[in-house]
Amino acid sequence: MKVVLALGSNLGDRFDTLQGALDALFDAPGFGFVAVSPVYETDPVGGPEQGHYLNAVVIAESSLDPRAILERAQSVENAFGRIRMERWGARTLDVDLIMVGDAVSDDPELTLPHPRAHERAFVLVPWSRVDPEATLAGRRVTDLLAGLDQEGVRLRADLTLQRPE
Ligand SMILES: Nc1ncnc2c1ncn2[C@@H]1O[C@H](COP(=O)(O)OP(=O)(O)OP(=O)(O)O)[C@@H](O)[C@H]1O
Ligand SMILES: Nc1nc2c(c(=O)[nH]1)N=C(CO)CN2
């Protein structure tokens with residue numbers, strides 16, 4: 001199954017956090033690296049006033065079930081010292097499951113595809129760069145993007161994530 005994960009960080013050394021998270025996600029069996037997007041500097045969306053994020057999207061191949069992938073994502077978030085404060089507030093690391101194959105779920109603990117991904121340029125811009133043919137719930141990501149303001153999402157060509165070892 002194809003798995004799409006979105007990474008975000010807006011506290012501390014944001015790039016180091018993203019690279020560390022990428023390495024940690026693939027540092028266990030059951031998860032094969034496919035590709036990682038460029039890094040984007042993004043205006044914060046929602047929540048209280050907070051700093052800019054670095055965002056990236058990772059594509060993996062996995063036969064793990066969605067719950068196991070969520071657990072892995074959460075353990076990586078915890079390992080990078082994420083302190084959960086207010087909703088949509090600042091965080092050292094956020095790992096969201098955007099889609100897991102064609103799994104569909106409306107469980108609040110794990111909603112798939114991610115219920116807000118289709119409206120988030122900070123997810124769709126990097127995703128479309130790493131997979132221009134991608135679709136989300138039957139719609140092309142590039143089409144979804146056409147209706148969104150992308151001004152707050154800027155390529156950081158000076159920052160490149162390395163594929164995990
Ligand atoms: N697709 C998903 N990916 C990650 N977490 C999810 C997903 N669907 C539901 N959740 C649940 O959401 C909770 C995480 O909420 P969190 O505080 O990270 O939200 P947020 O990142 O601030 O906001 P958002 O969900 O809009 O990105 C987790 O406890 C998890 O169980
Ligand atoms: N730019 C940006 N804004 C956000 C982000 C994020 O990763 N990037 N994550 C959020 C909660 O998941 C809320 N707002």
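I began with the contact between two helices: Ala21, Ala24 and Leu25 of H1 meet Arg72, Val76 and Ala79 of H2. I sorted these contact residues by class and got five nonpolar, one charged and no polar. I note that the model is a predicted one.

Next I looked up the geometry. Two packed helices are described by the angle between their axes and the distance between the axes. I found an angle of about 140 degrees between H1 (residues 14–25) and H2, with the axes 10 Å apart. What does that angle make the pair? Angles over 145 degrees count as roughly antiparallel, so H1 and H2 are oblique to each other. I also checked the hand of the H1 and H2 crossing, and it is right-handed.

I stayed on H2, residues 66–79, and picked Asn78. Is Asn78 buried or exposed? I counted 12 other C-beta atoms within 10 Å of Asn78. A residue with 12 or fewer is exposed, so Asn78 is exposed. I then compared Asn78 with Tyr53: they are 25 residues apart in sequence and 18 Å apart in space, C-alpha to C-alpha.

Last, I turned to helix H3, residues 121–130. How many of the ten residues of H3 are buried? I got eight, so H3 is largely enclosed by the rest of the structure. I listed the buried ones: Ala121, Phe122, Val123, Leu124, Val125, Pro126, Trp127 and Ser128. What do these buried residues pack against? I found strands S1 (2–9), S3 (40–42), S4 (53–62), S5 (94–100) and S10 (153–155), along with helix H4 (141–146).

Methods
Residues numbered from 1 in each chain as written. Chains lettered and ligands numbered in written order. Predicted model: local features only at pLDDT ≥ 70, side-chain atom pairs only at ≥ 80, totals over all residues. Helix = DSSP H or I, 4+ residues; strand = E, 2+ residues; numbered from the N terminus. Buried ≥ 20, exposed ≤ 12 C-beta atoms within 10 Å, placed from the backbone. Axes fitted to C-alpha atoms, helices over the stretch in contact; angles between N-to-C directions. Parallel < 35°, antiparallel > 145°, perpendicular 65-115°, else oblique. Left-handed = near helix turned anticlockwise from the far one by under 90°. Contact = placed C-beta atoms within 7 Å. Nonpolar A, V, L, I, M, F, W, Y, C, P; charged D, E, K, R; others polar.
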